[in-house]
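This report is written for a reader who is meeting the structure for the first time. Please keep the sequence and the three-dimensional view at hand while reading.

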Amino acid sequence: MIPLAALLVLSVVPFVLSAPQPTPDPILMPLLRRDPRNVEDLPKALAALKAKYRIGSSKTKRAGNSASIPLIDEQNDSSYSGQVTLGTPPQTFQVILDTGSSDLWVITTSCTTCSSDGTPFDPSKSSSYKASDSQQTINYGSGSVEGTVAEDTVSCGGFTVPNQEFLAATTVVGNLLAPGVSGIMGLGFQPLSSLQVSPFWQTLYSTNMLLEPLFGFYLERWDTSSTAITEAPGGSFTLGGTNPSLYTGDIEYIDMPNGSTPSYWLQQVSTFTIQGKTFQISSSQGLAAIDTGSTLIGAPTSVASEIWSAVPGAEALTGQYAGMYAFPCTTTVTASISFGGTNWPISSDDMNLGEVGTNSAGTPMCIGGILDIGSTVGTGSGVPAWIVGDTFLKNVYTVFRANPASVGFATLASGLNAIPSGSSGTIPASITGTNGVSFLATTTSSGLSPYQRLSAFLAAFVALLVGHILAL
């Protein structure tokens with residue numbers, strides 16, 4: 001598991017709380033980076049990604065008692081998480097921060113089937129906990145979560161919301177939780193909420209507690225490390241503003257596509273360039289969910305096929321790896337993506353997920369970072385055809401703005417994620433905590449094979465897809 005160090009800029013105006021409230025000055029919060037390890041789990045990651053967005057299903061709305069949240073399998077966890085507290089007095093948990101969902105849930109002490117070593121929430125120790133009579137089941141392609149819909153005081157980075165509704169999980173079926181993680185905090189819009197409640201961040205926004213109606217992410221890259229790293233700084237999450245030290249130049253904001261209702265954070269992919277060849281993406285195939293809770297990039301079948309046709313020696317995989325493409329490991333894949341403005345480069349390190357084996361000629365083949373997630377993603381407006389996850393987001397500073405609803409990208413500051421192609425080193429960002437002390441990485445070294453690298457990324461991607469498919 002890789003702790004992700006992070007900054008959380010928070011600003012607040014008086015709210016309905018007796019507890020001390022944060023000042024308009026930035027408040028910093030550490031995040032954790034979770035890193036998967038097994039290449040063999042990549043097929044599960046793809047299946048999970050499809051499930052997360054209901055790819056292959058005609059359903060476009062959530063069922064009243066079902067939900068889709070990004071979860072990471074214990075054996076292929078790759079995500080970015082931060083610290084929240086629940087209850088009075090506060091109990092502390094590490095939760096995945098996911099812009100592809102909108103609900104908060106945590107495991108509880110009543111959960112006898114939870115396989116995660118994450119800290120469970122103990123409702124009996126919270127004087128502000130209020131359980132409802134409503135039970136909710138959250139279904140995933142690889143399992144499900146069931147629990148009680150409840151409300152309690154929730155705090156994150158100095159902000160506090162009393163009576164925040166969440167799911168107190170009592171049953172977990174399947175390998176849905178990453179070690180050390182207790183749940184999920186969704187950062188999408190309310191229409192995605194299975195509980196049909198305002199997400200934590202949106203409550204802060206609607207009550208004028210944020211200095212600015214936005215939040216920003218810098219995601220650290222560790223996939224190029226030649227050793228298995230258990231803990232390391234993971235980047236920065238800034239709520240209510242941006243962190244100018246992490247990017248250079250202007251933030252390029254692009255409004256969400258016309259006619260789309262804020263649910264997922266949507267953008268329109270206009271072009272994709274690979275090995276110097278640019279593909280124009282039609283509007284019917286370009287709607288993309290910008291998802292911090294997904295590890296990879298998923299594209300429609302015909303687009304994925306076109307993209308990989310531009311890479312010499314690339315071929316579609318079959319069997320358990322169906323939906324993935326492999327290319328000669330000696331090939332450096334250069335790619336970039338545009339949402340109607342700047343053409344944003346994607347590191348060749350992020351386009352190579354690791355070695356999967358050899359082709360018929362004995363050439364070592366590596367899995368590419370663009371996956372085929374199918375052609376049928378449901379009907380109606382707001383249904384994404386692309387899932388743009390951390391494979392891309394590690395290459396930019398990303399800002400999610402509520403008003404006007406838009407997503408912005410900026411060039412990373414010099415030295416951040418600036419790892420030469422093919423290198424095995426990493427350049428951790430200097431992340432400063434609330435006390436002005438940098439968060440130091442704790443590392444554990446062991447050989448990390450190409451198979452482990454590949455598995456790490458695909459597994460996480462799959463887990464996230466499964467959740468979102470059920471969400472629509």
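The text below moves from the whole chain to a helix, a sheet, the salt bridges, the cavities and one glycine.

**Basis of the report**

The structure is a predicted model, in which local features need pLDDT of at least 70 and side-chain atom pairs count only at pLDDT 80 or more, while totals for chains, interfaces and linings use all residues. Residues are numbered from 1 along each chain as its sequence is written, and side-chain values use heavy atoms, with hydrogens and water left out.

**The chain as a whole**

The protein chain contains six helices and 26 strands; helices (H or I, at least four residues) and strands (E, at least two) are DSSP runs, numbered from the N terminus. Of its 472 residues, 62% count as buried, where buried means under 20% relative accessible area, exposed over 50% and partly exposed in between (1.4 Å probe, protein chains only). Among contacts (heavy atoms within 4.5 Å) with a separation of 6 or more, 76% come from residues 24 or more positions apart.

Helix 1 (residues 42–52) is mostly covered, since eight of its eleven residues are buried. Among these buried residues are Leu 42, Pro 43, Leu 46 and Lys 52.

An open sheet is formed by four strands in the order 17-18-22-21, with antiparallel pairing. Its edges are strand 17 (315–316) and strand 21 (352–358), each of which pairs on one side only. Two strands pair if DSSP finds at least two bridges between them; strand 21 and strand 22 (residues 364–368) are joined in the antiparallel sense over four bridges. Glu 355 stands opposite Cys 366 in strand 22.

**Salt bridges**

Two salt bridges are found in a search of the whole structure. A salt bridge is a side-chain nitrogen of Lys or Arg within 4 Å of a carboxyl oxygen of Asp or Glu.

| Salt bridge | Distance, N to O |
|---|---|
| Asp 255 and Arg 401 | 4.0 Å |
| Asp 350 and Lys 394 | 3.1 Å |

The pair of Asp 255 in strand 11 (residues 247–255) and Arg 401 in strand 25 (residues 397–401) links distant parts of the chain, 146 residues apart. Asp 255 counts as partly exposed because its relative accessibility is 44%, whereas Arg 401 counts as buried because its relative accessibility is 17%. In the pair of Asp 350 and Lys 394, both residues are buried.

**Cavities**

Four cavities of 30 Å³ or more are found in a search of the whole structure. On a 1 Å grid over the protein atoms alone, a cavity is a set of points where a 1.4 Å probe fits but cannot get out, and lining residues have an atom within 4 Å of a point. Grid points are joined across faces, edges and corners, and a volume is the space filled by probe spheres set on the points. The largest cavity has a volume of about 50 Å³. Its lining includes Ser 102, Gln 164, Met 185 and Phe 200. Strand 7 (159–173) and strand 8 (183–186) each supply at least two residues of that lining.

**Gly 188**

Gly 188 lies in the loop between strand 8 and helix 2 (200–206). Is this residue, Gly 188, buried or exposed? Gly 188 is buried, because its relative accessible area is 0%. Not counting residues up to four places away in sequence, Gly 188 touches several residues, including Asp 98, Ser 102, Pro 199 and Trp 265. Gln 202 is 14 residues from Gly 188 in sequence and 8.6 Å away in space, C-alpha to C-alpha.

Terms used:
1 Å grid on protein atoms, 1.4 Å probe; cavity = no way out; pocket = protein on both sides within 12 Å on 5 of 7 lines; lining within 4 Å.
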